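Hi everyone, thanks for coming along. Could you bring up the sequence and the model on the screen, please?

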Amino acid sequence: MFRAIAFAISALLFVQSAIADDREKLIGTWKVVSFDNEFQDGSPRRALYGQHPTGFIILTGEGRMMAVVAGEGRKPATNDEERASLLRTMFAYSGMYRLDGDKWITDVDVSWNAAYTGTEQGRFYKLNGNRLEVTGAWGPNPNLPGSPITRGIVLFERAK
């Protein structure tokens with residue numbers, strides 16, 4: 001019994017140490033390299049915002065996350081249809097975040113899409129040197145015909 005308790009405590013301390021280490025590694029500014037849509041039905045991956053999206057994610061030591069990503073080739077809108085298109089080719093949100101294993105959860109307090117404000121948004125992450133891969137959860141994509149089930153996979157590089 002004692003060994004089981006000692007093992008559980010050791011495992012918890014290891015996990016907490018790994019999370020603290022990841023938090024330190026995540027802090028900073030990350031520039032978007034690519035943003036793909038993966039389809040649950042096995043359809044080929046597609047670049048969500050073109051081959052060269054722009055944007056950043058900033059993670060602070062105080063626990064705030066801020067992100068803005070925009071598709072390539074965006075131009076100023078001249079009518080309502082073009083303004084709607086601009087909303088579909090970007091995202092931006094911010095809130096306090098916490099880590100839970102290989103996931104970070106943001107309590108969204110402001111967003112380009114009011115439906116996200118006041119929600120928790122979970123993202124899985126993998127760190128590989130100066131690269132950060134972020135994967136969203138599976139869900140219907142209202143920006144595509146038929147709202148297929150997709151998840152976003154965003155690759156970032158540490159900004160210099």
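This is a predicted model: local features need pLDDT of at least 70, side-chain atom pairs count only at pLDDT 80 or more; totals for chains, interfaces and linings use all residues.

Let's begin with strand E3, which covers residues 54-59. One of its faces is covered, and that face carries Gly55, Ile57 and Leu59. The uncovered face has Thr54, Phe56 and Ile58.

Now for the partners. E3 runs antiparallel to strand E1, residues 28-39, and four bridges join the two. If you click on Trp30, you'll find that its bridge partner in E3 is Ile57. E3 also pairs with strand E4, residues 64-70, again in the antiparallel sense, over six bridges. Here Leu59 stands opposite Met65 in E4.

What do E3 and E4 form together? They make a hairpin, with four residues between the strands. Have a look at Gly63 in the turn, where phi is positive, at about 100 degrees.

Staying in that loop between E3 and E4, we come to Gly61. Its relative accessibility is 44%, so Gly61 counts as partly exposed. Setting aside residues up to four places away in sequence, Gly61 touches Arg23 and Ile27. Ile27 is 34 residues away along the chain, yet the two C-alpha atoms are separated by 6.0 Å.

Last stop: Thr106, in strand E6, residues 103-111. Is Thr106 buried or exposed? Buried, because its relative accessibility is 0%. Beyond its neighbours within four places in sequence, Thr106 contacts several residues, including Tyr93, Tyr97, Glu120 and Met65. That last one is the E4 residue we met opposite Leu59.

Notes
Residues are numbered from 1 along each chain as its sequence is written. Side-chain values use heavy atoms; hydrogens and water are left out. Buried means under 20% relative accessible area, exposed over 50%, partly exposed in between (1.4 Å probe, protein chains only). Contact means heavy atoms within 4.5 Å. Two strands pair if DSSP finds at least two bridges between them.
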